[in-house]
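User: Please take me through how the labels used for this model follow from their definitions.

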Amino acid sequence: MPDSLSRDEVAHLADLARIDLTDAELDHLAPQLSVILDSVASIRGVAGDDVPPTSHALPLTNVFRDDVVRPSLTPAEALSGAPEEDQQRFSVPRILGDEQ
Amino acid sequence: MTTTAHDSVELVDFDAVLAAYDPALGLEVHVELNTATKMFCGCPATFGGEPNSHVCPTCLGLPGAMPVVNGKAVESAIRIGLALNCEIAEWCRFARKNYFYPDMPKNFQTSQYDEPICFDGWMDVDVDGETFRVEIERAHMEEDTGKSTHVGGATGRIHGADHSLVDYNRAGIPLIEIVTRPILGAGEKAPAVARAYVAQLRDLIVALGVSEARMDQGNLRADVNLSLAPKGSGTLGTRTETKNVNSFRSVERAVRYEMQRHAAVLDAGRSILQETRHWHEDTGITTSGREKSDAEDYRYFPEPDLVPVAPSREWVEELRATLPENPTEKRARLQSEWGFSDLEMRDTVGAGALGLVEETIALGAAPQAARKWWLGELARRANDAGQELTALGVTPADVAAVQGLVDDGTLNDKLARQVFDGLFAGEGTPAEIVAARGLAIVSDDGALSAAVDEAIAANPDVADKIRDGKHAAAGALIGAVMKSMRGQADAGKVRELILAKLS
Amino acid sequence: MSAHLPEVLTRSAADLADDLASGATTSVALTRASLDRIAAVDGAVHAFLHVDAEGALAQAAAADERRAAGQPASALDGVPIAVKDVLATRGLPTTCGSKILEGWVPPYDATVVAKLREAGLPILGKTNMDEFAMGSSTEHSAYGPTHNPWDLTRIPGGSGGGSAAAVAAFEAPLALGTDTGGSIRQPGAVTGTVGTKPTYGGVSRYGLVAMANSLDQVGPVTRTVLDAALLHELIGGHDPLDSTSIAQPLPGLVDAARQGATGDMSGVRIGVITELGGDGWQAGVQERFRESLDLLVGAGADVVEVSCPSFVHALATYYLVMPAEASSNLAKFDAMRYGLRVLPEGVASPSAEEVMKATRAAGFGDEVKRRIMIGTYALSSGYYDAYYGQAQKVRTLISRDFAAAFESVDVLVSPTAPTTAFPIGEKVDDPLAMYLNDLATIPANLAGVPGISVPSGLASEDGLPAGFQILAPALADDRCYRVGAALESLLVEQWGGPLLAQAPALPSEGASA
């Protein structure tokens, strides 16, 4: 697995992350990212297979809430930040892809 | 041999498909739970409501908001898993499925990835008398997305739309996704198996009480996966996934169509494109959606805002005790208990009389007696009146009471039918009718004996024959006695008396 | 020197609370004094992104009414506070230091903000920060950096430089910050203030715009250890809206601070973390650290060296876990529901996808983009096991090192940061150099244990503040306050007054000091 990223790989990551990067940014970012990845690669092999991963610092489990209705926002509150709205709905530009 | 369908898509004759290929089926069914609130917040899960009136910071994905798991949804997930004979995870987590789409407020869906709460189950599916065991790979919890309406295009569909309007009321509604393992060996029955699976899964979900599970309302959704492999090869072909399948009928038709379409592609020496397709019920075809091979990298990782779900084995057993009996298992159990033949059972179910017969037996009637009345006398009357059995106005309690009177010797079959006449005429309870119409079998031995003597005296030739040993001739005398007793005698007893007196 | 400043600005929050209770002052007076001070110096300091004078004064007036009626809402009722702009405040803009949220006004309050309101603390405004909490200098704010009150050409630390500077510049007696890798503690160290990162789960994160959910915590930013304990107790506790918040109440933090202030450290076992010191650590910082240790020993503590070998991997681990979680958390900023919407140039009828890309390109700064890329990469199929998966395992090793260490000591200590405040602009183009500022603070976030930074003095090279970090086992936040208060009282005695009294005067613009 490469620790340095090519410009194309950075472009692919930017696409996955939905960020338009200019050519200049791509040129600028690729080496910076490579340097960072290189340094973080130092942890490879540090923890053996027998070490379990920590996804939560606390040993909590089974935190549930009761199936009881709580107050919602008003539609006005919900839409208060909307860049565009219409008929009490969020108006968004035309969508190209399909749902998944 | 190919036939050409609309849009110049080629299809192979269904029989020809089966001659050359083995189909493999997979079904992904999403069940929308009927909880009062959403999966991760307390917003109402009720349908309807003005747009964006059932949202809060959490289900709207506002910066800073956090999810909290709906315990009732977990309970429903476990019950579904148990009903599908699944293992229930001892410890599992939620995971983020990351992708961008405007109806997803966080641009990730909180779901479960490699740690589903239920796994390794099965469901026996009945298809025209044959049983297919469908293996269930997993059932897991996830949340639904908001809904967009597409504005400005010709069809109201997404393609060609100018912009979209998004309502997040449904964002966060709890869903259980049930995924089968590849269903193999269904052959020509593949379309029927797919349909039967979805229909019977639906029955199961409804019996559990966890969802309305109506495909036409979108609270039961099915995605159909299909691939073909050369007959006997034992391999799996490239599969397509078909969405927008909104009825049981569509499930069957979509499977059939895809089988025919795949075969045409493969016959022509081309490869199946691994993609998601869209079913059109009106035209009966699938169209290409999104190429699945260039699938998004979902970058799954455990949801850090939620802690693991670790259902105790005690809780799981408590929930197991709440499961309703599986319909197929129930039928098998009843048939065995009642001693019905397969045909008798099938006829009972087919007549819609299963529940009625069950209740009648529960009230004391023997199984065969219950069946005899409901499928015989009462079915005939229902037919004549053009009514459903349940609409006749005769209850299982009535039938059990009448049979009880036959059992204790008060009535015989013929008299019982007269009691039913009285029931239809609204004359009261069976006991009241017997009394009012004087239908009870005469129990006075003296009167019976006298009637027998009378009959013997009135028919000396018949009496002689009987004395000579021709007992079959007793029938005429029995008839005479029954007539004079107006049917209110036990024919068997009458015969005994005759023979005793003439021997 | 702050000696010339009116006491109303320099007194501790605890003392101000007493003044309010006794009637020696009013909340309106305190709030007005803070607002005047902000008007005078914040042009130079730039600690605040938004000041809500009207709202704060109205809240202050309400506090005074409650006090007059003999019904204060809490011990701190009426003491003004500043809030880091990463916390949702209903009715007040919440930008997270980013252009992508410019002008966004949340329709809801973070739980900790609701607690402040319930307790009656007037909210002065929102403080500056590195964009989405990504940084150690507040230079990555989209709205310009905050300047260290000790030397305006230098950074105040980050990401919570605004809160720390506000408190250090006497613009507010209290502030809230958040700490994911040191964003409360490191600014505390370089500005001569006190900052605590609570035990993970000890304070609700509901309403905290997440950077790294498994590491983030809200905490107090103050001038004294007792003030931090008071504020920590106020904001802490279980929140049903935060599934990761712990159910147990915190053991008496204020009591621990008071007890510690008596200066008796007998029986306390202190472990010095071997790996957090030595080469690359500024000599003056280490000097002040050792002197502080000596004081604690003098007060009865036992000190031993403790090795936590996996700590050398903490930075790498952090810079995998944090960007991964952040890359997912920041996906919601897509121009559809709130925040910035930018249309791509030269595109006639842009699609939603195109608008998302253009908006995120325009709305996110360089550091945020870098971390999103790293995070996306670390989570990618094919790379997950090697990067994110590995990092989560090293976290386990780090937790184990802490657990092992705490078997033989009560607290672990280190200098809070390797250096004092560096000049603005010096490291901003060198990401790796910037990340090194978090060396000492990161391990606590990875393990979820609590940590406090207490001023340890001024480094001899540059006369700038350094911090002394005290770490305790999870749920033992009280130990941080006990030892922190002890050290503070010993040092204050040595200095003849609080360290901030030695801070240079700030240029004020027109308004009287």
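Analyst: The model is predicted. A salt bridge, as the term is used here, needs a side-chain nitrogen of Lys or Arg within 4 Å of a carboxyl oxygen of Asp or Glu.

User: What makes the meeting of R205(C) and D305(B) a salt bridge?

Analyst: The side chains of R205(C) and D305(B) meet at 2.9 Å, N to O, and the cut-off is 4 Å between a nitrogen of Lys or Arg and an oxygen of Asp or Glu, so the pair qualifies. The count between chain B and chain C is one salt bridge, beside 14 residue pairs in polar contact, both residues at pLDDT 80 or more. On the side of chain B that touches chain C, β6 (95-98) and β17 (301-302) each supply at least two residues, and the residues of that side divide into 20 nonpolar, five polar and five charged.

User: How many residues of chain B and of chain C are in contact, and how much area do the two chains bury between them?

Analyst: In contact are 30 residues of chain B and 36 residues of chain C, where contact requires heavy atoms within 4.5 Å. Between them the two chains bury about 2,600 Å², of which 60% is on carbon and sulfur atoms.

User: Which residues in helix α2 of chain C are called buried, and against what do they pack?

Analyst: In α2 (residues 13-22), the buried residues are A13(C), A14(C), L16(C), A17(C), D19(C) and L20(C), the label requiring under 20% relative accessible area. The buried residues of α2(C) pack against α1, α3, α4, β4 and α8 of chain C. Just after α2(C), G23(C) takes a positive phi of about 85°.

Technical notes
Residues are numbered from 1 along each chain as its sequence is written. Chains are lettered from A and ligands numbered from 1 in the order in which they are written. This is a predicted model: local features need pLDDT of at least 70, side-chain atom pairs count only at pLDDT 80 or more; totals for chains, interfaces and linings use all residues. Side-chain values use heavy atoms; hydrogens and water are left out. Buried means under 20% relative accessible area, exposed over 50%, partly exposed in between (1.4 Å probe, protein chains only). Helices (H or I, at least four residues) and strands (E, at least two) are DSSP runs, numbered from the N terminus. Buried area is the accessible area (1.4 Å probe) that two parts lose on being put together, summed over both. A polar contact is a pair of N or O atoms within 3.5 Å; within protein, one must be able to donate a hydrogen and the other to accept it, and residues adjacent in sequence count only if both atoms are side-chain atoms. Ala, Val, Leu, Ile, Met, Phe, Trp, Tyr, Cys and Pro count as nonpolar, Asp, Glu, Lys and Arg as charged, and the others, Gly among them, as polar.
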